[in-house]
Amino acid sequence: MAINWYPGHMHKAQKEIKDIISDIDLIIEVLDARIPNSSENPMIAQLRGEKPCIKILNKSDLADADTTALWIEHFKSHKNTDALAVTAKTQESLQKIIPRCKDIVVRDVEEGKPMRVLIAGIPNVGKSTIINALAKRIVAKTGNEPAVTKSQQRINIGSGITLFDTPGMLWPKIHSEDSGYRLAVTGAIKETAFELDDVASYLADYLVVSYPEQLKTRYELEELAPSGYEILEDIGRKRGCLRSGGRVEINKAAKILLTELRETVLGRISMETPQMCMAEQLAIDKKL
Ligand code: G4P
């Protein structure tokens with residue numbers, strides 16, 4: 001899946017993070033709880049060194065709670081790394097973030113210096129929604145269009161914490177074709193950048209293996225066809241997406257499946273597990 005990640009913005013983000021990272025006490029990396037591996041930014045891991053990091057698994061209201069728990073355990077097993085599942089749609093879960101920062105950076109708080117926290121995340125993970133909630137005012141633009149922060153923002157969020165918003169645009173870790181598909185399924189990649197039927201077929205293939213009952217129940221399918229494309233055809237027939245002559249309008253069926261997944265009509269679904277991603281990484285490493 002070929003995607004243009006706006007190299008100009010990426011370069012700016014990389015340069016500015018490099019410039020400030022030595023002054024930062026803690027990094028908050030916002031991830032999409034449905035795809036915690038694919039929504040990571042590879043540069044953060046590279047530039048971070050030994051700095052403490054909290055992986056915030058946002059949109060946990062859309063993800064499978066059991067799988068999110070596995071991801072939390074997985075990230076916490078890494079050095080200097082904490083992890084927290086939240087949903088920026090409610091204030092309640094976000095209230096855990098500041099105390100967690102203070103647990104980690106005890107030194108600065110004791111000395112009365114403000115804690116400097118860098119917040120980073122690829123577009124659409126909910127970074128702006130979280131920043132606005134922490135600041136208790138609108139300081140970052142939210143919405144589905146990837147907004148680009150033009151310059152470094154320092155935001156005093158009270159409680160002795162200064163938040164540094166990363167300028168430019170951070171790109172996701174598309175280290176495999178699977179990651180590209182998962183980013184497309186969850187809406188991190190704009191629909192104009194991919195073929196709807198291709199991505200929806202991938203999703204149907206995944207659901208057959210990982211969430212077959214949800215697929216059967218939602219679309220009243222007694223049997224699941226052997227390929228994702230055929231499942232899309234079955235969904236299209238069930239939903240009356242038909243052209244004259246009875247041919248299925250596959251793009252309409254694809255749109256239905258993708259929309260209903262994103263709106264949790266099929267239930268809360270995660271698109272990757274730690275075990276799956278570790279196996280994929282091993283396969284990639286073997287090829288190199
Ligand atoms: P970004 O800065 O990382 O690019 O993301 P942003 O905060 O703009 O959020 C992108 C979209 O994700 C927004 O939806 C936002 O409401 C939604 N979102 C953020 N956090 C959560 C969450 O925890 N759960 C769910 N379900 N959605 C979340 P939008 O449709 O573009 O905007 P709006 O109509 O909600 O305003």
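Is V105 buried, exposed or partly exposed? Hold that thought for a second, while I cover the ground rules. Residues are numbered from 1 along each chain as its sequence is written. What you see is a predicted model, so local features need pLDDT of at least 70 and side-chain atom pairs count only at pLDDT 80 or more, while totals for chains, interfaces and linings use all residues.

Okay, V105. With 18 other C-beta atoms within 10 Å, V105 comes out partly exposed. The cut-offs: 20 or more other C-beta atoms within 10 Å of a residue's own is buried, 12 or fewer is exposed, partly exposed is in between, and the C-beta atoms are placed from the backbone. V105 is in the loop between α5 (97-104) and α6 (106-111). Helices here are DSSP runs of H or I with at least four residues, strands are runs of E with at least two, and both are numbered from the N terminus.

Who does V105 touch? Leaving out residues up to four places away in sequence, the contacts are D25, L26, P52 and M115. Contact means C-beta atoms, placed from the backbone, within 7 Å. Also, V105 and R116 sit eleven residues apart in sequence, and 9.5 Å apart C-alpha to C-alpha.

That takes us to strand β4, residues 115-120. Five of its six residues are buried, so β4 is largely enclosed by the rest of the structure. Strand β1 (residues 26-32) runs parallel to β4, joined by four bridges; pairing needs at least two DSSP bridges between the strands. I27 has L118 as its bridge partner in β4. β4 also pairs with β6 (residues 161-165), again parallel, over five bridges, and there R116 is partnered with T162.

Now the core. The largest nonpolar core has 67 residues, and I56, L57, V117, I119, L203 and L257 touch the most other members. Helix α9 (residues 196-210) gives the most to this core, seven residues. Domain 1 (7-165) and domain 2 (177-287) both contribute, so the core lies between them. By nonpolar core I mean a set of buried Ala, Val, Leu, Ile, Met, Phe, Trp, Tyr and Cys residues joined through C-beta atoms within 7 Å, and the domain bounds come from an automatic or database assignment.

K59, in the loop between β2 (53-58) and α3 (65-76), has a positive phi near 65° without being a glycine. N124, in the loop between β4 and α7 (127-135), is also a non-glycine with positive phi, about 80°. K59 is buried, with 25 other C-beta atoms within 10 Å, and N124 is buried with 23.

Terms used
Contact = placed C-beta atoms within 7 Å.
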